[in-house]
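Hi,

Here is the structure I promised to pass on to you. Have a look at it first, and then read on for my notes.

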Amino acid sequence: MKRKIINMVLAACLATGVAVGSLPTAGLGGTAAVNPYEAVKDGLVIRESEINQLLTEDLTLPTTVNGMDGATVEYSVKEEDAKYVSLDGNTLKVTRPQPEEPDYKFTLTATVTPPAGVEVTSTDGKLKKEFPLTIRAGLSEDDYAGYVYVCFADKLLNPVTDKDNGYRDVQQIHFFLSEDGLNWTALNGLNPIFKTGTDYTNLIESYGGNSANYKLVSGADIKNTRTGDASVLFPFEGEDQGVRDPYLLRGCKKDGSDSNKVWLLATDLNTMAEKYGGNKTNNTVGNWGTMTTDGKGSTYLFIYETEDWVHWTRRYVDMGSEVNACMAWAPEAIYNPVKDNYLVYWSARTTVDGRARDRLYCNETSDFVKFGPTKLYEQEPFYENYLPNGVDKADDGYGNIDTSQLWVAETKEDGTTNPYGTLFRLVKDETNNHIELMSAKTVLDSRYEGAENQAAYYATDATRITPYTDAAGNTFADLASINALSDPTHIKTAEVVYNWFKNESVGNHFTKISQKDMEKYSGAFEGATLFKFIDRDEWCVMIDNYGDMSARFTNASTSAEVLNACSVSASFVICAFMLSVYSLLTAACFSSSLFASNFLLSTEI
């Protein structure tokens, strides 16, 4: 039924055949010096095998060996594989198992005959290389069939010559679907999802005209609006009447008690609100500095819960006031298998250090109803990258925001799979607005991880300053000491406040993985997220290119080998993505209970 809803077109099972692929002998120039073993190892590649791509259609096989001109290549499969796979020239013909059957694993063997003059030690003078491959079974009702994406969207409201000026944020929840994780279809005609509901839409109205904003009708009573249909997704309690940065998470508890639950976390913010100097009627964005000022920005998060994607519950939770935060932005959550609970993390500035740095805070929860105390989760010493001269312009403390995390499975020695092998983290360095990749083996620093360290976790204090003495012997013990600094680039300030709180952070245990292909995107990039493709061992990074209001996907780089800590072959597809989004892209099963008939599929993006 999921395929009926998203109109998926699956590859047909193809006819079998028997043949051998080969390459006629070419010129032998320079082949006498070829190392045939290295040539076959490195020069005969089937990418689908390297990334464990689940095959759904015929595969064209390589007929050349890079570095060994004139070699011929023949392929073979075992006789017992004939039910699902055969060869026709250099085409591997596949027949998919039935939906109730498991994926079919087999080994494709390449036999390489070197050109004249290249000797090998085998008795037949040939070389062999094996390629493990897997054919994906037909989809059953419970298989992953595609991806669901949640975001707030940009919409062209005023067509003008300068196309960027015509786009404005529609700061409400939007859903998208995809079959491949790269091409997306908007639900409800790119209109906010709350408009598909009927329970409380009579309490909501547009500002009218070309406004991208919505508000409560005069005198609206919202006390009974927290459960119901999709109209619950409107941010009723928020003073700004806007919601940004949504993120999806599926239940992961060990006992399976929440496996049917999905949570959507989001920021309580509308950047066009009048209290920031904006104007919701004409879509004028206010001052970002004002949005992060104490008493102006919201310290609340919206948390939505569903089990069927049709009926929702909304919670409005104050996370930030406990640590004197000026706001609570870009919330996400990650399952912690050690504690069998979840860690919600979000970005903020605080009055404790005079709003000197952006950093990450966190709260533990088992059910997204009750939350533990707010802790400092992560504050990377990015300032060290810019010492001793800083940068050529002032900035707001060179902090870090917009962390997104993802578990990557690993295969254990006994052959079983641990779904929580390595935790990868994307984080934005605010100094020059680029994204960095990091990894760890646990959600929390080992000093605070597990039941045995819970007391140490609770003992940390996100507002406690530990005096810091720098290399020159200067001691900084309070806010007045950094306010007295002559620090136009804020690099010194960042050094001081990092050291004030470094022993209070419960998540400073991640190790950076250099990724130049990704880090080269700087200046107007943030809100990165990552996900694994459901049909192969390959991952995708999506980055919010907020400097281009008209862009959607821009394929920036592929095959950048960065997850070298994993037990599987791993590649990142780097994409600049613009729907003004901080989000999680989850490999969610599509089913009739997931998207009911009131969700209108549209090709408008």
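Strand S4 covers residues 85-88 and strand S5 residues 91-94, and they pair in the antiparallel sense over four bridges. Within that pairing, leucine 87 sits opposite leucine 92 of S5. Strands pair here if DSSP finds at least two bridges between them; helices (H or I, at least four residues) and strands (E, at least two) are DSSP runs, numbered from the N terminus.

Before you go further, please note that this is a predicted model, in which local features need pLDDT of at least 70, side-chain atom pairs count only at pLDDT 80 or more, and totals for chains, interfaces and linings use all residues. Residues are numbered from 1 along each chain as its sequence is written, and side-chain values use heavy atoms, with hydrogens and water left out.

On the whole protein: there are eight helices and 32 strands. Of its 605 residues, 56% are buried, meaning under 20% relative accessible area, with exposed over 50% and partly exposed in between (1.4 Å probe, protein chains only).

Next, aspartate 340, which lies in the loop between strand S18 (329-336) and strand S19 (341-348). Aspartate 340 is buried but has no salt bridge, and the nearest side chain of opposite charge, lysine 253, is 4.7 Å away. A salt bridge would need a side-chain nitrogen of Lys or Arg within 4 Å of a carboxyl oxygen of Asp or Glu; Lys and Arg count as positive and Asp and Glu as negative, while His and the chain ends are not counted. The side chain of aspartate 340 does make a polar contact with that of tyrosine 335, at 2.5 Å. For a polar contact, a pair of N or O atoms lies within 3.5 Å; within protein, one must be able to donate a hydrogen and the other to accept it, and residues adjacent in sequence count only if both atoms are side-chain atoms.

Glutamate 364, in strand S20, counts as buried because its relative accessibility is 9%. Its side chain makes a polar contact with the side chain of glutamine 454 (3.1 Å).

Finally, helix H7 (residues 491-501) is largely enclosed by the rest of the structure, because ten of its eleven residues are buried. Among them are Tyr498, Trp500 and Phe501.

Enjoy exploring!
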